[in-house]
Amino acid sequence: MKNFGVLFRNGLLRSKGILIIALAVSLGVMGISILASTLGSGDAGTPTDSIKLGFMDGDSSALSDDMRTYFQDGLGVELVETGDRDELDSELVNKHISGIAEVPEGFQSALLAGDPVPVDLTFTDDYANKAFVNGYFESYLASASVLAAAADGDAAVFERMLTEADRLESDVEIGRGDAELARREAQKEGFWFML
């Protein structure tokens, strides 16, 4: 019995040593991870800080200029503009940009006619940025459609409304009265919040 007591006491002393070493190592790892996250975060800024988007403007209209301003100044997306599609394609393949947005010719006139033409978005495997950019493009086009409907197809009135909205820094929002649509929108927002 005496040998059993000695073995038990020695095992307990050994376990204390291992426990102290394990505690010291885990505190060290935790300290290093906190230090790395503090030094690595710097200024987190907006989630768009890292998005570089190739932008080709085939329309050169007031609407495409306003869209460019919205993405650069409003969202902080860095736009890489060039007229050469092959250059943007190679930038996309080499992962220097997240995607390419191509505004088609007749973009503003189609919106004023009530038949909006979508912006051609090309992404490779950057699904998070694709969803982000696509959502903001759709939101912007919905707001621009409201202005186009208010302008009743008149390009001069539409362009004046765009500049006034920018000058006043007011966003055009669509009010919804349909309860079912509002419920579905709330579910979508909840889903995106969950993600």
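Below are some questions and answers about this model.

This is a predicted model, so local features need pLDDT of at least 70 and side-chain atom pairs count only at pLDDT 80 or more, while totals for chains, interfaces and linings use all residues. Residues are numbered from 1 along each chain as its sequence is written, and side-chain values use heavy atoms, with hydrogens and water left out.

Q: In what pattern do helices and strands follow each other along the chain?
A: Start with the parts: the chain has seven helices and four strands. Helices (H or I, at least four residues) and strands (E, at least two) are DSSP runs, numbered from the N terminus. Reading along the sequence, you get α-β-α-β-α-β-α-β-α-α-α.

Q: Which residue in β2 is the bridge partner of F55?
A: Strand β1 (residues 52–57) and strand β2 (residues 78–81) pair in the parallel sense over four bridges. Two strands count as paired if DSSP finds at least two bridges between them. In β2, F55 has as its bridge partner E81.

Q: Do β3 and β4 run parallel or antiparallel?
A: Strand β4 covers residues 120–123, and I100 stands opposite T122 in this strand. Four bridges join β3 to β4, and the two run antiparallel.

Q: Why does R68 count as buried?
A: R68 is one of the buried residues of α2, along with others including L63 and F71. The side chains of R68 and D65 meet in a salt bridge (2.6 Å, N to O), where a salt bridge is a side-chain nitrogen of Lys or Arg within 4 Å of a carboxyl oxygen of Asp or Glu. D65 counts as partly exposed because its relative accessible area is 36%. R68 counts as buried because its relative accessible area is 15%.

Q: Which residues are linked in a network of salt bridges?
A: Searching the whole structure turns up six salt bridges. R68 and D65 both lie in helix α2, three residues apart, about one turn of the helix. The network links D57, D65, R68 and E81.

Q: How many residues apart are E102 and R85?
A: E102 and R85 form a salt bridge, with their closest N and O atoms 2.6 Å apart. This pair links distant parts of the chain, E102 being in strand β3 and R85 in helix α3 (residues 85–93), and the separation is 17 residues.

Q: Which residues make the nonpolar surface patch of about 400 Å²?
A: Patches are made of residues with over 30% relative accessible area and no salt bridge: like charges are joined within 9 Å, nonpolar side chains (Val, Leu, Ile, Met, Phe, Trp, Tyr) within 5 Å. Accessible areas come from the Shrake-Rupley method with a 1.4 Å probe, and for residues only the protein chains shown count as cover. M30, found in helix α1 (residues 2–41), is partly exposed at a relative accessible area of 45%. The patch is made by L23, L27, M30 and I34.

Terms used: Buried means under 20% relative accessible area, exposed over 50%, partly exposed in between (1.4 Å probe, protein chains only).
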